[in-house]
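This report describes part of a protein model and the surroundings of selected residues. Please consult the sequence and the structure while reading.

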Amino acid sequence: VQLQASGGGLVQPGGSLRLSCAASGSIFSIYGMGWYRQAPGKQRELVAVITSEGTTNLQNSVKGRFTISRDNAKKTAYLQMNSLKPEDTAIYYCCADIRGSTDNRRSRYWGQGTQVTVSS
């Protein structure tokens, strides 16, 4: 099982980016999916999560600006980030709780980080 994150980049304040997190491999079921971020010198923090039924929860600092969604058929989660601020600059990591189809074990998987830089 692998998670592949993409969509990061450099954007000006007020701009938008959309991150994607695609799961692949021997997957039986995907439960919750989410995004964390880690800024330089800071601890990793939860940004947004979405359950398999579509219930979402976002960190207060991104509510109204970020939206998390998922396409279960594509095994992909998205993080739409609007009105970006310099303090959103961080490496963003996606994660998912997945039950594998070969071992029937439920485990948390992490994607590689994708850099988001908000700067003029």
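Thr76 has a relative accessible area of 8% and is therefore buried, since buried means under 20%. The model in which this value was computed is a predicted one.

**Thr76 and its surroundings**

Thr76 belongs to strand E8, which covers residues 76–81. Its side chain comes to 2.9 Å from the backbone oxygen of Lys74. Leaving aside residues up to four places away in sequence, Thr76 touches Ser20, Cys21, Ala22, Met33, Ser69, Arg70 and Asp71.

**The sheet**

Strands of a sheet pair through backbone hydrogen bonds, in either a parallel or an antiparallel manner. Here, 4 strands form an open sheet in the order E1-E3-E8-E7, and the pairing is antiparallel. Strand E1 (2–6) and strand E7 (66–71) are the edge strands, each pairing on one side only. From one strand to the next, the twist averages 15 degrees. Between E7 and E8 the antiparallel pairing extends over 6 bridges. Within this arrangement, Asp71 stands opposite Thr76 in E8.

**From Asp71 to Gly54**

Asp71 also provides a reference point for Gly54: the two residues are 17 residues apart in sequence, and their C-alpha atoms are 9.6 Å apart in space. Gly54 is located in the loop between strand E5 (45–50) and strand E6 (56–58). Its relative accessibility is 38%, so Gly54 counts as partly exposed.

The table sets out the accessibility of two residues.

| Residue | Relative accessibility | Class |
|---|---|---|
| Thr76 | 8% | buried |
| Gly54 | 38% | partly exposed |

How values were computed
Residues are numbered from 1 along each chain as its sequence is written. This is a predicted model: local features need pLDDT of at least 70, side-chain atom pairs count only at pLDDT 80 or more; totals for chains, interfaces and linings use all residues. Side-chain values use heavy atoms; hydrogens and water are left out. Helices (H or I, at least four residues) and strands (E, at least two) are DSSP runs, numbered from the N terminus. Buried means under 20% relative accessible area, exposed over 50%, partly exposed in between (1.4 Å probe, protein chains only). A polar contact is a pair of N or O atoms within 3.5 Å; within protein, one must be able to donate a hydrogen and the other to accept it, and residues adjacent in sequence count only if both atoms are side-chain atoms. Contact means heavy atoms within 4.5 Å. Two strands pair if DSSP finds at least two bridges between them. Axes are lines fitted to C-alpha atoms, for helices over the stretch in contact, and angles run from 0 to 180 degrees between N-to-C directions.
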